[in-house]
Amino acid sequence: MPIHAVTEVYGEDGLRALFEIEIEAFPDAERGTLLRAERVASRLHAEDKRVREPYVNHLLRVAIRIVRHYQVRDPEVVVAALLHDAVEDHPGDLADLASDAERALGPRRAPLAVLGRAFSPRVAELVDAVTNPAYDPARDKQEQYREHVVASLEANPWARVVKLSDFTDNGVGIIHTTGPKVRKASAKYAPLVPQLRDFATRPDTPLTDAVKAHIVKQLDEAEVRFRAILG
C-alpha cells in the first residue's frame with residue numbers, strides 16, 4: 001500500500017505502526033535511537049497541522065520512504081528525516097534545551113547544537129543542510145529557497161536523500177493538498193524538479209541505480225501534477 005494511502009486509511013497511528021515495522025531490522029540500539037527521534041519530532045510538532053492532518057504524518061512519511069523505498073539503513077539519515085523541519089519550525093523550543101554555551105552560538109546554531117548533542121553532529125549537519133535560511137526581504141523568497149536547496153545539496157550528498165523524500169512527499173503528494181496552497185506550492189516546487197532529477201541520478205548520490213530510477217519516476221509524476229495545476 002502506498003504511504004499516502006496508509007495515511008488516508010489508517011491515519012497517524014497507521015503511519016507510526018508502519019514506521020516501527022520498517023525499522024524492525026535495525027539493531028536494538030539504533031532502533032531505540034530512531035524511536036527516540038520519532039518521539040522528539042512528535043513533541044516538537046504536536047500542535048502543528050499540515051492542511052488537514054497532523055504535521056508529524058509528513059515527517060513519518062519522509063522517514064518511512066527513506067527506509068522502505070530508498071533502502072537506506074543509515075540511522076542518522078533516518079533521524080535527520082524525522083527532524084528535518086525541527087530547526088526551521090521550532091528553533092525556540094530547541095533553544096530552550098540549550099546550555100549557556102550553546103545559546104551563545106546564536107539563534108540558528110543553538111538549536112542545531114542541541115540536536116547534535118542529543119543525537120550526533122552528523123544529524124545536526126544533515127538537518128542544517130535542509131533547513132531554510134533567513135531570507136533577504138528585498139529579494140524573491142522562492143528564488144532564494146531554490147538557490148539554497150541547490151547549494152546545500154551540491155555540498156552534501158546524504159542531504160539529497162532527505163530532501164528527495166521530503167520533495168516527493170510534497171510534490172507527488174500535492175494531490176492530497178487543498179485550498180490556495182495547491183497552486184502556491186506547485187509554483188514553488190515546479191522549477192526545482194530538473195535540478196532534483198539531476199541530483200538524484202548523480203554518481204555520488206548514495207543510492208542504488210534502481211532506487212534512483214524509482215525517484216526519477218516520482219519526480220516525473222510530480223512534474224506532471226505541477227503542470228496540470230499551473231496550466
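Visitor: Which residues are linked in a network of salt bridges?

Guide: First the general idea: a salt bridge here is a side-chain nitrogen of Lys or Arg within 4 Å of a carboxyl oxygen of Asp or Glu. In this structure, Arg50, Glu53, Arg61, Arg65 and Asp169 are linked in such a network. Keep in mind that this is a predicted model, where local features need pLDDT of at least 70, side-chain atom pairs count only at pLDDT 80 or more, and totals for chains, interfaces and linings use all residues. Residues are numbered from 1 along each chain as its sequence is written, and side-chain values use heavy atoms, with hydrogens and water left out.

Visitor: How many salt bridges does the count come to?

Guide: The count is 26 salt bridges. Take Arg139 as a case: Arg139 pairs with Glu143, with the closest N and O atoms 3.5 Å apart, and a salt bridge also joins Arg139 to Glu147 at 2.8 Å, N to O.

Visitor: What separates Glu12 and Arg16 in helix α1?

Guide: Helices are DSSP runs (H or I, at least four residues), as strands are (E, at least two), numbered from the N terminus. Glu12 and Arg16 are four residues apart in helix α1, so about one helical turn separates them. Their side chains meet in a salt bridge of 2.4 Å, N to O. Glu12 counts as partly exposed, at 26% relative accessibility.

Visitor: Which residues is Ser42 in contact with, leaving aside its neighbours within four places in sequence?

Guide: Contact means heavy atoms within 4.5 Å. With those neighbours left aside, Ser42 touches Arg16 and Val56. Ser42 sits in helix α2 (residues 28-44) and is buried, because its relative accessibility is 16%.

Visitor: What joins the side chains of Ser42 and Arg16?

Guide: A polar contact, meaning a pair of N or O atoms within 3.5 Å; within protein, one must be able to donate a hydrogen and the other to accept it, and residues adjacent in sequence count only if both atoms are side-chain atoms. The side chains of Ser42 and Arg16 have one of 2.9 Å, and another of 2.9 Å joins Ser42 and Glu38.

Visitor: Where does Asn156 lie?

Guide: Look at the loop between α10 (141-155) and α11 (157-171). Asn156 counts as buried, with 10% relative accessibility. Beyond its neighbours within four places in sequence, Asn156 is in contact with Glu125, Leu126 and Ala129.

Visitor: How many residues does the largest nonpolar core have?

Guide: In soluble globular proteins, nonpolar side chains tend to be buried together. A nonpolar core is a set of buried Ala, Val, Leu, Ile, Met, Phe, Trp, Tyr and Cys residues joined through side-chain atoms within 4.5 Å. The largest one here has 67 residues, and those with the most contacts inside it are Phe19, Ile66, Tyr70, Leu83 and Leu196. Helix α3 (residues 55-68) gives the most to this core, with nine residues.

Visitor: Which residues is Leu196 in contact with, leaving aside its neighbours within four places in sequence?

Guide: Leu196 is in contact with Val149, Leu153, Leu164, Phe167 and Leu219, those neighbours being left aside.

Technical notes: Buried means under 20% relative accessible area, exposed over 50%, partly exposed in between (1.4 Å probe, protein chains only).
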